[in-house]
Amino acid sequence: MNAAVVVALIAALGSLAVTLVKAAIDARAKKRERLLVEQAELRRYRKMLLSAVDDLGNRINNIRNQDFLLYLNAVDRRDLALSSTLFRFGQYFGWTDIYREYLRLNPARDTNMVSGTLIQITIVFASDEIDQGESFDELMLWREEQDAIGHLMRQEGEVPACVSFDTFIDKYETRYFRWFQKFADHLESVFAHGKDSVRLAKVHQLLAKLIVELDDEKTFVEFGDHGEILRPNWARRSQYSLSDSGRPY
């Protein structure tokens with residue numbers, strides 16, 4: 001083999017090696033970029049779900065501990081108090097639906113703690129063994145009802161989102177009334193009888209657990225020296241346990 005052929009062969013092998021190395025580097029870069037995009041998407045969905053959890057947890061705390069439902073006696077605030085409360089429940093179901101769909105499409109991004117707590121909350125809403133009394137299904141929403149509300153709360157687009165409060169109000173009678181009517185009646189019953197709902201208390205506690213699990217960047221929840229939740233206040237209040245009678249200590 002003459003020298004020219006050898007030189008050409010070496011050059012070709014060198015070029016191939018450079019090409020293969022560059023391809024490997026590009027592949028790793030694309031994989032890293034894809035991972036960063038997926039992580040950013042997951043953070044976005046978790047933050048939006050966290051925001052919905054905070055809104056609902058705060059309202060449930062106000063109902064249980066701050067007599068929020070007294071607004072149902074205020075003529076000028078009654079409708080807004082009720083509709084905004086229903087919206088916060090709907091918003092939670094909406095973002096839960098979006099988050100679960102994202103995890104179905106991206107199973108590798110699943111987090112067992114968050115998914116497990118979401119399932120617990122679903123079960124508490126759907127159980128007919130809670131708050132048994134004159135109405136065995138007080139504030140009960142079966143899984144199908146939760147799914148229906150969550151689906152209707154979605155605002156489809158390039159990036160999934162939940163409908164705004166004004167859209168919820170505008171379309172309440174035609175889209176949401178059939179799913180929320182009985183639930184709204186039960187909220188008024190809780191107020192009328194001046195009792196603490198065991199279902200709301202359990203959801204309250206689970207939402208506090210969920211918000212800790214969602215705050216993976218440790219920027220939203222503040223803890224005390226002994227690991228107790230200090231902020232947000234509604235989550236701190238959820239730490240009060242229930243007595244055997246179902247009422248908070």
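**Entry 1: fold and totals**

I looked up the secondary structure and found eight helices and four strands in the chain; helices are DSSP runs of H or I with at least four residues, strands are E runs with at least two, numbered from the N terminus. Along the sequence, the order reads α-α-α-α-β-β-α-α-α-β-β-α. The model is predicted, so I note that local features need pLDDT of at least 70 and side-chain atom pairs count only at pLDDT 80 or more, while totals for chains, interfaces and linings use all residues. Residues are numbered from 1 along each chain as its sequence is written, and side-chain values use heavy atoms, with hydrogens and water left out.

I then took the totals. Of the 249 residues in the chain, 42% are buried; buried means under 20% relative accessible area, exposed over 50%, and partly exposed in between (1.4 Å probe, protein chains only). The accessible surface comes to about 14300 Å², with 55% of that belonging to carbon and sulfur atoms; areas come from the Shrake-Rupley method with a 1.4 Å probe, and for residues only the protein chains shown count as cover. Contact means heavy atoms within 4.5 Å. Among contacts between residues at least 6 apart in sequence, 70% join residues at least 24 apart.

**Entry 2: the core**

I looked up the largest nonpolar core, which has 59 residues. Such a core is a set of buried Ala, Val, Leu, Ile, Met, Phe, Trp, Tyr and Cys residues joined through side-chain atoms within 4.5 Å. The members that touch the most others are Val53, Leu86, Phe89, Tyr92, Phe168, Phe180 and Leu207. H2 gives the largest share of this core, 12 residues.

I checked H2 itself. H2 has 28 residues and reaches 41 Å from first to last C-alpha, close to the 40 Å expected at 1.5 Å a residue; the expected span is 1.5 Å times one less than the number of residues. Because 22 of its 28 residues are buried, H2 is largely enclosed by the rest of the structure.

Leu49, in helix H1, counts as buried at 0% relative accessibility. From Leu49 to Thr96 I read 6.6 Å, C-alpha to C-alpha, across 47 residues of sequence.

**Entry 3: salt bridges**

I searched the whole structure and got eight salt bridges; the criterion is a side-chain nitrogen of Lys or Arg within 4 Å of a carboxyl oxygen of Asp or Glu. Arg154 pairs with Asp97, with the closest N and O atoms 3.0 Å apart. This pair links strand S1 (residues 154–155) to helix H2, 57 residues apart. Arg154 is buried at 10% relative accessibility, and Asp97 is buried at 18%.

Arg154 also meets Glu101 in a salt bridge, 2.8 Å from N to O. Glu101 lies in H2 and Arg154 in S1, so this pair ties together parts that are 53 residues apart in sequence. Glu101 is partly exposed at 29%.

I also looked within H7. Glu213 and Lys209 form a salt bridge at 2.8 Å, N to O. Being four residues apart in H7, Glu213 and Lys209 are separated by about one helical turn. Glu213 is buried at 11%, whereas Lys209 is partly exposed at 37%. Shared partners join Asp97, Glu101 and Arg154 into one network.
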